[in-house]
Amino acid sequence: MSPVTEPEAARRTVETVWRMEAGRVVAGIAGVVRDVGLAEELAQDALVAALEQWPRDGVPANPGAWLTTVGRRRAVDAIRRRQAQQRTLAELGRDLDERVSPDLDAVVEETIDDDLLRLIFVACHPVLSPIARAALTLRLLGGLTTGEIARAFLTTESTVGQRITRAKQTLATAHVPFEVPGPAERAERLDSVLEVVYLIFNEGYAATAGDDWVRPALCQEALRLARLLQGLMPGEPEVHGLAALLEIQASRTAARAGPDGAPILLNDQDRSRWDRLLIRRGLAALDRARALGDSGPYTIQAEIAACHARARTPGETDWARIAALYADLARIVPSPVVELNRAVAVAQADGPAAGLELARKLADEPALAHYHLLPSVLGDLLARLGRHEEARAEFERAARLTGNARERSLLLERAAGCRSKKS
Amino acid sequence: MRYMLMHKLDENTPGAFDPSPEFIQDLGGYIEEVAKAGVLLAAEGLEKSSNESARITVTKGRTTVIDGPFTETKELIAGFGLLEVRSKEEAVEWARRYADLFGRHGIDVEVDVRRVSEGPMES
């Protein structure tokens, strides 16, 4: 036991430890009760017990194990109460007695790792919507409060609370077992997990230099989850691919917005402000992903991000490789947006005419009918070919389609520029 | 937010800079724990100051370079860890667990927790 500290300091320590350990504590309890919703309630009970005891007695040497053990004991109590009414559970109770020892050392770290992995797969089960999965994951694994999750997703606390409650009900109704999925559904279920981590990251990343610190913090939560997954599933290439992608994207955080919060495009960013440490970590994760087998979509996107990260100036960018990587990506996950990105890369590698030819093919794509980036790219390529009148029409079309005021004024400026060049 | 944890040891304490296999195993477990939690960005341990060290001092514009060991310095930086955490309290909690690790092996240690400057220097 560490020396007894001031009550206020002790309370903050409890909260800090809770956030650090929440995932492992909930997982460790769920490993016994096999029910994520119940495990979370019991973990909360353990937290309340810690808030009572630690300020008085000091913080235990292994706080996570303390919380897990208290939660498991409460689980046994709860199940015994049910047993009194329902003798059929007697066997489960005996089994529990064997698994729940009063000894703190009984919280074996390796089995907690297994439980943690099960918890992640359950919280990210495809029976839940991606946004519900994200809320549940941040709550169960990140130890975030509903209030913090609500601020991060720019919604109300009651909405998040309901979302989490409904998610737990859905998992219970669907009888989702507390298990790591078997080989038959492993790939699909892993996709479902990675999608959630990427969603959380993008939710934070999309908000450039916002007033609200919570949204950039979402990027941190996502990175933390991605690194956690690397430790739990070291043999999965796409886990490392996703981690690589997030590390490299996060490396540009300081450079991607001006002092006034205006977004700065990749080619205009001050590359000396890119975080070399995160880039190194990203490249290392990418190496691990590649060493494990064929590249999946996250690994390919990480490769593309790495091409930019390796270029010290925009001129050094290996656009031919990026174009080839987009072609690989389009083969695995066909999408007009990926095709449009490929057109941009091809234009950089082989000149605007080649890019234009590809981009033009997308003109009839219904999915891009209202996507401002298509006319924006077309306008840019046409302008570079000196076809200013056509370029102007595209920029104006793009300006009508974008919902972002800053972007609209930029596009209208370019349209005006085309007009002056023509006359 | 990033914090640097620096631990300082007395070179004259036996076992401080030449750790036992048991200590190394314990340390490995701690490093794995921090890495798995997704907060460890980098960590390095340092050799004792008798092994290829030097100290450069500038005093009133005069530069002197002396080679180690720095026998007159009691507490020498012995390693560092760079953590990305949510709060100072979290950094302190990781540092406490790190310090306890030394304590369990009977080694006195001092661990400093320092906030890493982030963002542009000019702002």
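Which residue in strand 5 of chain B stands opposite B:Tyr3? I looked that up first, and B:Leu83 is the residue facing B:Tyr3.

**Ground rules**

I'm working on a predicted model, where local features need pLDDT of at least 70, side-chain atom pairs count only at pLDDT 80 or more, and totals for chains, interfaces and linings use all residues. I number residues from 1 along each chain as its sequence is written, and chains are lettered from A and ligands numbered from 1 in the order in which they are written.

**Chain B, the sheet**

I listed the elements of chain B and got two helices and six strands. My helices (H or I, at least four residues) and strands (E, at least two) are DSSP runs, numbered from the N terminus. Read from the N terminus, chain B goes β-α-β-β-β-β-α-β.

I then followed the pairing, where two strands pair if DSSP finds at least two bridges between them. Strand 1 (residues 2–10) and strand 5 (residues 75–84) of chain B are antiparallel partners over nine bridges. They belong to an open sheet of four strands in chain B, ordered 2-5-1-6, with antiparallel pairing. Strand 2 and strand 6 (110–115) of chain B are the edges, each pairing on one side only.

Helix 2 of chain B lies across strands 1, 5 and 6 of chain B, and runs at about 160 degrees to strand 6. For such angles I use lines fitted to C-alpha atoms, for helices over the stretch in contact, and values run from 0 to 180 degrees between N-to-C directions.

**Where B meets A**

I counted 15 residues of chain B in contact with 16 residues of chain A. On the chain B side, helix 1 (21–36), strand 2 (40–45) and helix 2 (88–104) each give two or more residues. Helix 2 of chain B gives the most, with four residues. By class, I find five nonpolar, three polar and seven charged residues on that side of chain B. My classes: Ala, Val, Leu, Ile, Met, Phe, Trp, Tyr, Cys and Pro are nonpolar, Asp, Glu, Lys and Arg are charged, and the others, Gly among them, are polar.

**Chain A, one helix pair**

Chain A has 19 helices and zero strands, and I picked out one pair. Helix 1 (residues 7–33) and helix 2 (residues 36–57) of chain A pack at about 150 degrees, with axes 8 Å apart. Residues meeting here include A:Trp18 and A:Ile29 from helix 1 and A:Leu42 and A:Trp54 from helix 2 of chain A. I sorted the residues of this contact into 20 nonpolar, one polar and two charged.

**Whole-chain numbers**

I call a residue buried if 20 or more other C-beta atoms lie within 10 Å of its own, exposed if 12 or fewer, and partly exposed in between, with C-beta atoms placed from the backbone. That gives 20% buried among the 123 residues of chain B and 44% among the 423 of chain A. For extents along the principal axes, I noted roughly 45 × 45 × 20 Å for the C-alpha atoms of chain B and about 90 × 50 × 40 Å for the C-alpha trace of chain A.

Methods:
Two residues are in contact if their C-beta atoms, placed from the backbone, lie within 7 Å.
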